[in-house]
Amino acid sequence: MKSISQIVTLFKKELLLEVRQQYSFYGILLYIIATIFVLYMTIQDPEAKVWNGLFWVIQLFICINAVAKSFLQESRGRMLYFYALVNPRDFILAKLLFNSVLMLLMSFLSIVLFTLFLGNPLQKTLQFIGLVLLGGWGLSLVFTFLSAIAAKAQQNAAIMAILGFPLIIPQIMLLMKMANTVFSNTTYIPFSTLLLLVTLDVLVVLLSVILFPFLWKD
């Protein structure tokens with residue numbers, strides 16, 4: 001119960017900081033609207049495969065802007081303060097939870113704006129929404145963990161790019177492959193592929209919980 005209480009308290013702390021630093025949230029929102037509007041002005045009504053590819057590329061960049069700053073914005077003094085107060089596993093779980101909620105919100109906004117500006121070629125809208133939310137959750141988990149590693153390496157953001165590429169590309173490829181099935185009524189998302197994606201997300205959570213305490217002590 002103490003662990004759950006700490007996670008909830010840390011989650012509220014993250015939410016309060018995000019509310020106070022509204023420029024960060026509105027900056028990401030502006031990025032989403034501006035990017036989609038530029039695509040609308042350029043191609044207006046893309047075919048299904050182009051629509052799908054553009055959507056996931058934008059999701060990737062949204063996640064980088066929204067989630068990657070998670071640990072990089074934490075000062076050394078503040079981290080030392082948390083080190084003295086909370087369990088490292090509770091700390092990383094609270095970060096994962098908050099970034100997941102933030103990315104789910106951004107993912108839903110992306111779907112709304114994409115369909116509003118670039119049309120709706122989807123044949124299975126509800127399945128696509130579920131896939132986008134699952135994909136957004138997975139991307140947020142990976143970038144939160146990478147942000148923690150980069151922050152401990154003298155805040156070297158280049159490490160995120162180096163480590164992130166082999167982790168993100170397979171996940172993006174899986175998401176795009178599954179998303180291609182929602183543009184037709186005759187194809188379905190393979191259960192084995194969906195299970196693989198969920199397994200990858202769970203593994204990221206487990207790795208974060210296992211490895212973060214060692215980063216925390218550094």
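This is a predicted model: local features need pLDDT of at least 70, side-chain atom pairs count only at pLDDT 80 or more; totals for chains, interfaces and linings use all residues.
Colleague: Which residues meet where helix 3 and helix 6 are in contact?

Modeller: On the helix 3 side the residues include Trp51, Leu54, Phe55, Ile58 and Ile62, while helix 6 brings, among others, Leu102, Met103, Met106, Ile111 and Phe114.

Colleague: How many aromatic pairs does the structure hold, and what is the geometry of the pair formed by phenylalanine 55 and tryptophan 56?

Modeller: An aromatic pair is read from the distance between ring centres and the angle between ring planes. The structure holds 14 aromatic pairs; in the one formed by phenylalanine 55 and tryptophan 56, the centres are 5.4 Å apart and the planes stand at 90°, which makes the pair edge-to-face, since angles over 60 degrees are classed that way. Phenylalanine 55 is buried, with a relative accessible area of 1%, and tryptophan 56 is buried too, at 0%.

Colleague: What kind of aromatic pair do phenylalanine 91 and phenylalanine 212 form, and where in the chain do the two residues lie?

Modeller: That pair is stacked, with 6.0 Å centre to centre and 15° between the planes. The pair links distant parts of the chain, as phenylalanine 91 belongs to helix 6 and phenylalanine 212 to helix 9 (residues 191-217), 121 residues apart. Phenylalanine 91 counts as buried because its relative accessibility of 1% falls under the 20% cut-off, and phenylalanine 212 is likewise buried at 1%.

Colleague: Which residues touch the most other members of the largest nonpolar core, and which helix supplies the largest share of this core?

Modeller: In soluble globular proteins, nonpolar side chains tend to be buried together. In this model the largest nonpolar core has 58 residues, of which Trp56, Phe91, Phe114, Phe128, Phe143 and Phe212 touch the most other members. Helix 6 gives the largest share, 12 residues.

Colleague: What is tryptophan 56 in contact with, leaving aside its neighbours within four places in sequence?

Modeller: With those neighbours set aside, tryptophan 56 is in contact with Phe128, Leu131, Val132, Ile172, Leu175, Met176 and Ala179. Tryptophan 56 also belongs to one aromatic cluster with Trp51, Phe55, Phe114, Phe128 and Phe183.

Conventions:
Residues are numbered from 1 along each chain as its sequence is written. Side-chain values use heavy atoms; hydrogens and water are left out. Contact means heavy atoms within 4.5 Å. Helices (H or I, at least four residues) and strands (E, at least two) are DSSP runs, numbered from the N terminus. Rings of Phe, Tyr and Trp (its six-membered ring) pair if their centres lie within 6.5 Å; planes under 30 degrees apart count as stacked, over 60 as edge-to-face and the rest as tilted. Buried means under 20% relative accessible area, exposed over 50%, partly exposed in between (1.4 Å probe, protein chains only). A nonpolar core is a set of buried Ala, Val, Leu, Ile, Met, Phe, Trp, Tyr and Cys residues joined through side-chain atoms within 4.5 Å.
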